[in-house]
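Have the coordinates open and follow along.

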4 protein chains.
Amino acid sequence: MIIVLKPHATEAEIAQVIKKIESFGLTVHLSKGTERTIIGAIGDERLLQEGPLEAFPFVEKVLPVLKPYKLASREFKPEGTVVNVDGLQVGGQRVVVMAGPCAVEGRESLLETARCVKAAGGHILRGGAYKPRTSPYAFQGLGEEGLKLLAEAKLETGLPIVTELMDPREATAVYEYADLIQIGARNMQNFKLLKEVGCRRKPILLKRGMSSTVKELLLAAEYIMSEGNYEVILCERGIRTFEDATRNTLDLSVVPLIKRLSHLPIIVDPSHGTGKRDLVSPMALAAVAAGADGIMVEVHPRPEEALSDGPQALLPIMFTSLMSDLSRLAQAVGRTL
Amino acid sequence: MIIVLKPHATEAEIAQVIKKIESFGLTVHLSKGTERTIIGAIGDERLLQEGPLEAFPFVEKVLPVLKPYKLASREFKPEGTVVNVDGLQVGGQRVVVMAGPCAVEGRESLLETARCVKAAGGHILRGGAYKPRTSPYAFQGLGEEGLKLLAEAKLETGLPIVTELMDPREATAVYEYADLIQIGARNMQNFKLLKEVGCRRKPILLKRGMSSTVKELLLAAEYIMSEGNYEVILCERGIRTFEDATRNTLDLSVVPLIKRLSHLPIIVDPSHGTGKRDLVSPMALAAVAAGADGIMVEVHPRPEEALSDGPQALLPIMFTSLMSDLSRLAQAVGRTL
Amino acid sequence: MIIVLKPHATEAEIAQVIKKIESFGLTVHLSKGTERTIIGAIGDERLLQEGPLEAFPFVEKVLPVLKPYKLASREFKPEGTVVNVDGLQVGGQRVVVMAGPCAVEGRESLLETARCVKAAGGHILRGGAYKPRTSPYAFQGLGEEGLKLLAEAKLETGLPIVTELMDPREATAVYEYADLIQIGARNMQNFKLLKEVGCRRKPILLKRGMSSTVKELLLAAEYIMSEGNYEVILCERGIRTFEDATRNTLDLSVVPLIKRLSHLPIIVDPSHGTGKRDLVSPMALAAVAAGADGIMVEVHPRPEEALSDGPQALLPIMFTSLMSDLSRLAQAVGRTL
Amino acid sequence: MIIVLKPHATEAEIAQVIKKIESFGLTVHLSKGTERTIIGAIGDERLLQEGPLEAFPFVEKVLPVLKPYKLASREFKPEGTVVNVDGLQVGGQRVVVMAGPCAVEGRESLLETARCVKAAGGHILRGGAYKPRTSPYAFQGLGEEGLKLLAEAKLETGLPIVTELMDPREATAVYEYADLIQIGARNMQNFKLLKEVGCRRKPILLKRGMSSTVKELLLAAEYIMSEGNYEVILCERGIRTFEDATRNTLDLSVVPLIKRLSHLPIIVDPSHGTGKRDLVSPMALAAVAAGADGIMVEVHPRPEEALSDGPQALLPIMFTSLMSDLSRLAQAVGRTL
């Protein structure tokens, strides 16, 4: 950690900073420049989090040198992590496709969609039983009934299930039925929920918050991992920007960036990322070209009847066509579908 | 709700949209322009949320006419709401000042700060017992022990307590000690938590999410109110933008805007809003000039020892000086402190 | 255009709006709903730009129905435009690669880079002679001397030249040497400059402003086209968001979106879009997978000596490798390099 | 400047960085930590801009220690600058009010507005003769005819004139009539225009670009000042964020921040900052409370006939009322109107 002092810091002030740093067991390296005095703190700078040096009025700024996350970093674990979802490997050679309706709405439409996902070659069935909705008057999901329908769809198709957990009090139910536990974008910094899933033994799909930096996403993963659960898959799903022509701004650059910073697998959700059906397939292809380990897309047989996110759902025929395009593209970038 | 069809929509497609709208009990108003056909849906458009017309491929866009929230809107309740916090009125003539440390860190420092807040004329004591921290390795708060210290500070100073609730499982403890329950920015869309505090009987301080629109903030309030709890105070605390010279971008324009859209009181937190001690007092004054019903600021006797947010904490002497400036300013805009 | 009135608008106020609309030669369509009166203006709503209906205090909001641009829209011209750059077609089957140094820095390094671009199969040589730099103390470009070096590089390699025009007073010089005139991101709304290049007869590469919406980008193209120059290539180069792990946020979703909204070709600049050498190639591949008509990348033989943007420049060997990857990918999406 | 090397940087690589730094005449300070080697460059780090150390593949990051601007910094000139606009002081004790129509639209309405501004106590008349408009089909301003009308209004009322310069080729005309030359938000990084006004001898009103950081705003001022013109007034006018309930997000925190970083006066434009008439007055008051040296607001006698920005124009009666509120508020913060 590097501490830059204000122009006219006195010797006594310099001594105060040094004393503080040394009290945390770190070593000090002093450098007096022409315009500023700079103090380097050598050792584990994470310890200094509890001694906020920038709170001294004579400190101009504090520049961290190390990444604030450890378990999630590639420096800590150079080889990529492969997460096992009910026998399916995420993070390996294969590009994994998770597909299904936004919300589980009923038995018939779910089974119809599940069969379509299976037939087209999809790997994991998605579907929300508990739905975080902006308005209290919107459909809130079928709850446990929805979980049971997902289980039935799995029984018929063999597809593992990914579904969202919103509340630690519902963890027992969700863990009974799901193979991959989704933490939604709005809960990426629901730290109590992160700790809850960190203590349990199923893989997590952690979606990036809509205004979260990559650093915060990796720190959210670190919350889960620091409780003992290393099976975390990251998911880019679009961030919030000034551009309103799309629902969110899909930030694909984080795919190769996270591959460098972390060993965790990363997938992309172009459905939420764009909010527009016509843009989903091109952006799914782009995601894989950028190096994503998989994609997550919404499919609905009759989007105009969807209780949630109909405008961004692919029709089954579009999904089938996407799978064939993806297969060609995966091959061009040295992967398989 | 207004539905704009794509340029070459056929009669059959127009009929499909009309049928859908009528199936929800709304009336249709058709208008064929030179370049587009437009369909108006007359009646309670909130019903149409479950029939997503924009999911039809021949619909170009859907334009809502009404606000999506009701209980929180000034149209629904024209006179301003005054929230009672343990006998103190928020939303009335008086500008309310909530102050204290970011986190409760220990008995001595809390009591010292509480006395200072009281002596300078502050109205409510703030202090976090459960702390949402970006890093799992940062101080997470004293938990119930912190709540008890807050109770002791109240006993001595008479100041009501505001503190954050992060997890529905901790509601019983927090409700035992707090007078005003804070929902933090990261939990503004933790809908299960909103419902939990909506069912309980204490006033809520709802902080705006760092990437939430005003509409989403009011819908979050609507979540609480639709469960029966109308005692909601809103809080602007800065949004996330590209500007990194401040911790967040304090969006003061929402103060007069929300006063027009809603009857709920609104306060401003310039400590989190700016992240820099030197900017807190000027922005507190600006908030009151813009029409805020109060402010929330962090005060710490020794910021360089604070376990959280030291750089943005006011020193006691700065807080005292702010109170005197605020008093003069409040008077200039026709209010009292 | 649809005008939504405030709840208690009177008959006299409704009449005032109608009179205003009719004064512009448009027809009115009135619809009284349960909570709002809505007025539709039928005809060319662009005319109403000079009669700002939302300025009436009793108007709640005005919702445009049509796109504000015309010449740039695909509705106006359904088939895609192919722009001819000194014999090379942009917007056709071929994916076009523009490459070269950020700035022209000297004869040797420019020629060395140009040869490398040519050898690897690049199509157009880029290089700035006039450089828009954030700091007045940074290298500002070689000016006309730089243009002459570009001409020399073209003579040797046969590669057409793209370079930036910053000032209408320098147009004569730039037009003498360049084949494709670049309007940089900072000048996307320099309307005088747009009009200047709209009146001249060479193709334009129009880069998206760093906080410009897609609508504004297409309106900037409309500025050029409305002066008579239809040869416009759009370029996505990243927008400004809260994320600081990359220099900008490359908004690839606009590629398929613009393909739907407009007939103009669009290319992507992953060098400025990411600011990091390691991310350039993956994002170049992603851009082509998303449907881009080409890419623009920075190449420098010794980035650590570059006078501008060294950290995002590809080494020649990386560029050669990218070309081979791009070739495979282009084929997988049905195009050629 | 501090250079952090990647974990396994070799001695040869360290030597390469040191050699580079020394070649620019700076001294090196080496510090080997437990996880990273850090190199400090002591001396004028601005020199290193042309030797991009982060372009070395073994450099992890480069952390500047000094501000990149000099003439604009308060460190360089501790006392505040007072700019003289035709005899009126901006940056002193008095809060300065600039008011008038967005665009000059005609003789009658301009004179009517000018008289109202004068009568209410406004200090400077604003009005655009050359208008930067998003659409090429919108009213583009009266040009030189508009300048002459402004001169006539000055002759009658005695109010100095501020108007925008968009194109260096129009500088001669604008300088003939204006007392204060406005550089609009879209041109904040039109560096050629900045240099043009830097060489001329009238004060400049420099508006912050809608996605510009404070650092970039001060560097834009530095462009002007480095050409010899020190008479620069900064203007905050709202930045672009995800929030669409207001036209822009007025970033008032930069007022006290810039007061600390720079000696230049700063005013606020709440008309463009909010885009909504009802929010202009509260935010004008907030601006002064935050420490602004003045405000700039739009006033129009008949906003519904305005050719530009009608919805954000104050009616004359509202402006008169604002002036009286401002007067009371200015006094409360120790200033005069």
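Let's start with Asn187(B). Leaving aside neighbours within four places in sequence, Asn187(B) is in contact (heavy atoms within 4.5 Å) with Asn190(A), Glu164(B), Leu165(B), Met166(B), Leu193(B) and Leu194(B). Its place is in the loop between β10 (180-183) and α5 (191-199) of chain B. Helices here are DSSP runs of H or I with at least four residues, strands are runs of E with at least two, and both are numbered from the N terminus. Asn187(B) counts as buried because its relative accessibility is 4%. The cut-offs are under 20% relative accessible area for buried, over 50% for exposed and partly exposed in between, using a 1.4 Å probe and protein chains only. The C-alpha atoms of Asn187(B) and Leu165(B) sit 9.3 Å from each other, with the two residues 22 apart along the chain.

A quick word on ground rules: this is a predicted model, where local features need pLDDT of at least 70 and side-chain atom pairs count only at pLDDT 80 or more, while totals for chains, interfaces and linings use all residues. Residues are numbered from 1 along each chain as its sequence is written, chains are lettered from A and ligands numbered from 1 in the order in which they are written, and side-chain values use heavy atoms, with hydrogens and water left out.

**Chain A overall**

Chain A has ten helices and 14 strands. Its C-alpha atoms fill a box of roughly 75 × 45 × 40 Å along the principal axes. Of the 337 residues in chain A, 66% are buried. Looking at contacts in chain A between residues at least 6 apart in sequence, 68% join residues at least 24 apart.

**Loops in chain B**

Gly43(B) belongs to the loop between β3 (37-42) and β4 (59-63) of chain B. Not counting residues up to four places away in sequence, Gly43(B) touches Leu26(B) and Thr34(C). From Gly43(B) to Leu88(B), 45 residues along the chain, the C-alpha separation is 41 Å.

Now for some backbone angles. Most residues other than glycine have a negative phi, and most peptide bonds are trans. Asp86(B) has a positive phi of about 50° although it is not a glycine. You'll find Asp86(B) in the loop between β5 (83-85) and β6 (88-90) of chain B, and with a relative accessible area of 45% it is partly exposed. Asp309(B) also isn't a glycine, and has a positive phi of about 60°. Asp309(B) lies in the loop between β14 (294-298) and α10 (316-332) of chain B, and is buried, with a relative accessible area of 18%.

**Helix packing**

Two packed helices are described by the angle between their axes and the distance between the axes. Axes are lines fitted to C-alpha atoms, for helices over the stretch in contact, and angles run from 0 to 180 degrees between N-to-C directions.

| Helix pair | Axes come within | Crossing angle |
|---|---|---|
| α9(A) and α9(C) | 7 Å | roughly 155° |
| α6(B) and α7(B) | 11 Å | roughly 50° |

The crossing angle makes α9(A) roughly antiparallel to α9(C). Angles under 35 degrees count as roughly parallel, over 145 as roughly antiparallel, 65 to 115 as roughly perpendicular and the rest as oblique. On α9(A), the contact is made by Pro282(A), Met283(A), Leu285(A), Ala286(A) and Ala289(A), while α9(C) supplies Pro282(C), Leu285(C), Ala286(C), Ala289(C) and Ala290(C). By class, this contact of α9(A) with α9(C) has ten nonpolar, no polar and no charged residues. Ala, Val, Leu, Ile, Met, Phe, Trp, Tyr, Cys and Pro count as nonpolar, Asp, Glu, Lys and Arg as charged, and the others, Gly among them, as polar.

α6(B) and α7(B), in turn, are oblique to each other. Their contact is made by Val214(B), Leu217(B) and Leu218(B) of α6(B) and Val254(B), Leu257(B), Ile258(B) and Leu261(B) of α7(B). Those residues divide into seven nonpolar, no polar and no charged.

How many residues of α9 in chain B are buried? Twelve of the 13 residues of this helix (277-289) are, so it is mostly covered. Among them are Arg277(B), Ser281(B) and Pro282(B). α9(B) is followed by Gly291(B), whose phi is positive, near 110°.
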